[in-house]
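This briefing goes with the sequence and structure shown below. It is organised by topic, for reading alongside the model.

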Amino acid sequence: MTPDPGPATAPAAPALDAPRAAARRAAARPAWRDAIGRWLPHLVLWPPLLVSVVHVLGFTGYTTWMSFTASTLMPDYEWVGLRNYTAVLNSRNWQIATDNLLIYGAGFVVLTTALGLLLAVLIDQRVRGENLFRTIYLYPMAVSFVVTGTVWAWLLNPSIGIQRLVRSMGWGGFRFDWLVDREMAIYTIVIAGAWQASGFAMALFLAGIRSVDADLYKAAQVDGAGPWRIYRRVVLPAIWPIFIAVLVILLQYTIKTFDLVRALTGGGPGIATQLPALVVYDLMFQRGLLGRGSAAAVMMLLSLLLVLVPYFGFMRWRRHREARHG
Amino acid sequence: MADRLTPARVLIYALLAGFAAFYLVPLLVVVLNSVRTAEDIGATSVVGLPRELAFGNFERAWGSYCIARRCEGISPYMWNSFLMVVPATIISTLLGALNGYSLALWRFRGDNWVFGIITLGVFLPEQMKLVPWTLVLRDLGLTNTIAGLVLIHVVQGISFTTLFCRNYYTAIPQELLKAAKIDGAGFFRIFWRIVLPLSPPILIVTVIWQFTHIWNEFLYGVTFTSGAQQPVTAALIALSVSVSEAPQYGVQSAAVLIAALPTLLVYLFGGKYFVRGLTAGAVK
Amino acid sequence: MSATTHRRGLLAAAGLLAVPSVAMAQASAPRPRITVISQWSAGSDGAAISRLGEVFTAEGGVWEHNPVPGFTTEMMNKLRADILAGNPPAASQLKGPEIAAWSRIAPTVDLTQLVAAAGYEQVVAPDLARLHKPQGRWAALPLQVYRTNTLFASRRAMERVGATALPKTWAEFNDLAARMKAAGITPVANGGIRWDDGQKFECALAGINPATYRKAIMELDDGALRGAEVLGAFRQLRMISEWMDPAASGQHYSTFLPRFVRGEMGMLMMGGWAQGVIRHAGFSDQDYLVGQVPVDNGRPCFVLNADAFIFWRRREPEFQAGQTLMANLVMSPRVQEMYSQITGSIPVRTDMDLSGAGWSTGQREAAASLAAAVQAGQSVLSLAHNMAQTNQMSAAMIDVLTEFVHNRSLRPEQGQQRLAEAVEAAR
């Protein structure tokens, strides 16, 4: 498991054209210093990359293997073929969870990205108290998710939260009972999730916007472009890598959403707000079915590849095109 | 321009304030509960105004509430969390910046595959990795140590930090690097002199992410530590309840606020690195 | 409960407690030491186990309690990690059929001789004893018992509809609930989380017929599961769900206690622990009536929930001495009295005298009911609290029950069929 940063990795090492230049400059230095200078980057770079790669592949491989075994409370290496998969696919919990994942995923990603971008653009308008606003939008991430889920559960509960408050202010017919409505409860998770994550999306967008070269702005302003046009034509194209980062982060957030639901709805009313991560945990640790839970986890990751593979394909295509066009 | 109140600017401030209000409502509930007595909350509702101010909740939460027979509040657990979160955040951020730099600016054969696999790492749910991590920590002899938790958070965190940094660094023009290479700068010199000065916004984003996630992580914290070594999230949960007990919402809310302070301070003080001009200035 | 049996129990316990003290006297004997994992970190649970630790220390032992806060699953994860690392705790909290399941994955201590020496098996409900001796050997010891079919009725709500006594049968319950509804009171004050939903069902079925409950829920007899009385329980569950506050979904029952005490809500079916919670919220025992959830055959029926410790085998002599001391303490009347008086549960021993000032009316009534229900063969194990089935089976069954409670378009016939199918699939 220990990554080997030694010569074996050299052929795949960064194709540094720097050493040539460095060598020219360092001609006067002793050979050993030169060697260190050449190898140090590899020594520093490869271990973390390798640890990451081994962690991802190793753990995924282990889980995949477990998913074909009869493991219950403890890992057990008796092979059972696809039995765990069929059991998970046939369970109501899993069917509800996958449907919910689509609704929640789409709602959450769109809402959070939109909110995050909007807030970043608003904050970028050289406003006073920027630091305060930014901290207010970010703080939901600071509080333990178990806690924020609980607080939202109170606020969204019709008998003690917002509905009661609005009614007590005189609007007697006001209804806001999504939390206890089987059809609508999943949207309360969208709201609470967006509340929690949009600040971070804002921070990422803001980091991107602030890194756009000031000259580009000036040039656009000189051309007489309005602020809306500058954002659309100059800023947004320049920060597309940030969009990718935000989408990946939100996607992983969607897939891994766990604490929030556990505290907000507990998967209810009934089992109406089950999500795959809850099913995985429930199978593995509540029901003591490690094999079956692993099968659910593997299917969760496979569904993810449906999104990621086209993305990497697109990246490849884009890179090739860029290379061709110089 | 910032001082003239045109209708557009009024609208901007109105929107900012409106959103701020929306974001603050849940915090308000927690703050109000933190100064309410348990009887007050129990007898009325968890959403409401205090009948009398009970600031004692903070004192109890910090230093005298009994968690597992240790009546020291959450303060010792806060310290445990610091011991875990500070090294894990620094190491994972640093490694992520290096990884991102090499993946974005020093293309090598298979770099896309490496990046793809590392990115996949952000999607692995921690529930799935609990058993493998148990085995790894056992084999390394790190069960029930804070070092074990640091290791977990660094390894998992590299996926996120690499993703953030790599995507940010791809926006750095290749011309800058070429010029530096012609000047004879090597791998670390370019990183140190060119890339790092451009990095504060993304590094603060990375630190925010790592710090809050490690600080708030619960599952590994309770599984891989014991008793007096547990992080603060474990103590926060311990303040809340099981089936058979009425929640101590007052003390709990106070504890939640105290426990959130370090993260809030990171946001507040880290925020100044977002200021525009820094990057533009550095590039020139 | 006769005074003689009680005295005999005390004498036996006194003898037991002397054993470790004698052992201590021998210079060569190791100092008893114990490591414990539980989820009891705060509140009265935390206070009770801390007191147990004090008693343990007073007997000359070294006590190391390591609470794992959060849900039970988190504690199980910790236990799994410790077992995998080859370092299981000397004792850990575990309950119900999971004791048998977990005792298969790591060696446990054989407590059979200790239990026999204490004459303990005779004073424990037979179903409970069976759970703690997988393969016929005692590996775990129950610590305290709760009745999950306890009915709390709001005194003010009862006064508003002119009722003075708790309903004895489901027909009376339904009648009273209808009167409350007509008076603008929400008849059922329960919450709407998983275990609460499961508990409402077990109350219904055990009340309709404890024997059917045993066959259908504990023995998973297909005929009983598809029979008329289980259908009746689903019908009753549907009525209960319609009498709940629509906002109960996902809520802990304690959320509604203020409304319950004010008389805006009528009846709560909850374990005995609710007494402590009500007191804790600043209300008095006078605010409610307490007794047994309706049982149609009129006799005592006890749906049993119990907490327990399982003892993991350790080689170290100090741990073995500690486990012996711990086991004897947990079986002793004085520790059971101390424990239950803090948590509001009732003792595991059915031979104890609860007339002392430290016990509440509710505890006395529940303890008497346990002894009588055991006599009448009407004590059964709780489904909702993972006493009747392994976690896997319980979870599959409660999935159906909780969905049924919150999806009112499901007919009782559909609920029954789904339950039978879920059992079939999870077998």
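The model is predicted. Chain A has 14 helices and zero strands, and its contact with chain B takes 87 residues from chain A and 84 residues from chain B. Chain B is also in contact with chain C, through 30 residues of chain B and 31 residues of chain C.

**Confidence in chain A**

- The average pLDDT of chain A is 84, and 90% of the residues score at least 70.
- Where pLDDT is low, the predicted coordinates should not be read in detail.

**Fold and dimensions of chain A**

- Read from the N terminus, the order of elements in chain A is α-α-α-α-α-α-α-α-α-α-α-α-α-α.
- The radius of gyration of chain A is 25 Å, whereas a compact globule of 326 residues would have one near 20 Å.
- Along the principal axes, the C-alpha atoms of chain A fill a box of roughly 85 × 70 × 35 Å.
- Buried residues make up 48% of the 326 residues of chain A.
- Among the contacts in chain A with a separation of 6 or more, 68% are between residues 24 or more positions apart.

**Domains and annotation of chain A**

- The domain assignment divides chain A into domain 1 (7-67) and domain 2 (93-324).
- The C-alpha centres of domain 1 and domain 2 of chain A are 36 Å apart.
- Five residues from domain 1 of chain A and seven residues from domain 2 of chain A form the contact between these domains.
- On the side of domain 1 of chain A that touches domain 2 of chain A, one residue is nonpolar, four are polar and none is charged.
- An unreviewed UniProt entry lists residues 98-311 of chain A as "domain: ABC transmembrane type-1".
- Over residues 98-311, chain A is 74% helix and 0% strand, with 21 Å between the end C-alpha atoms.

**Domains of chain B**

- For chain B, the domain assignment gives domain 1 (7-64) and domain 2 (75-283).
- The centres of domain 1 and domain 2 of chain B, taken over C-alpha atoms, are separated by 29 Å.
- The contact between them involves 17 residues of domain 1 of chain B and 12 residues of domain 2 of chain B.
- On the domain 1 side of this contact, helix 1 (7-34), helix 2 (38-43) and helix 3 (56-64) of chain B are the elements that give two or more residues.
- Helix 3 of chain B supplies the largest share of that side, with six residues.
- The side of domain 1 of chain B that touches domain 2 of chain B has nine nonpolar, six polar and two charged residues.

**Contact between chain A and chain B**

- This contact takes 87 residues from chain A and 84 residues from chain B.
- On the side of chain A that touches chain B, helix 2 (residues 31-67) of chain A gives the most, with 16 residues.
- That side of chain A has 64 nonpolar, 13 polar and 10 charged residues.

**Contact between chain B and chain C**

- Chain B gives 30 residues to this contact and chain C gives 31 residues.
- Helix 2, helix 6 (126-140), helix 11 (219-223) and helix 12 (232-239) of chain B each supply at least two residues of the side that touches chain C.
- The side of chain B that touches chain C has 16 nonpolar, 10 polar and four charged residues.

Terms used
Residues are numbered from 1 along each chain as its sequence is written. Chains are lettered from A and ligands numbered from 1 in the order in which they are written. This is a predicted model: local features need pLDDT of at least 70, side-chain atom pairs count only at pLDDT 80 or more; totals for chains, interfaces and linings use all residues. UniProt positions are given in the numbering used here, feature names are shortened, and annotations may be inferred rather than shown by experiment. Helices (H or I, at least four residues) and strands (E, at least two) are DSSP runs, numbered from the N terminus. Two residues are in contact if their C-beta atoms, placed from the backbone, lie within 7 Å. Ala, Val, Leu, Ile, Met, Phe, Trp, Tyr, Cys and Pro count as nonpolar, Asp, Glu, Lys and Arg as charged, and the others, Gly among them, as polar. Domain bounds come from an automatic or database domain assignment. pLDDT is the predictor's confidence in each residue, from 0 to 100. The radius of gyration is taken over C-alpha atoms; the globule rule is 2.2 Å times the number of residues to the power 0.38. A residue is buried if 20 or more other C-beta atoms lie within 10 Å of its own, exposed if 12 or fewer, and partly exposed in between; C-beta atoms are placed from the backbone.
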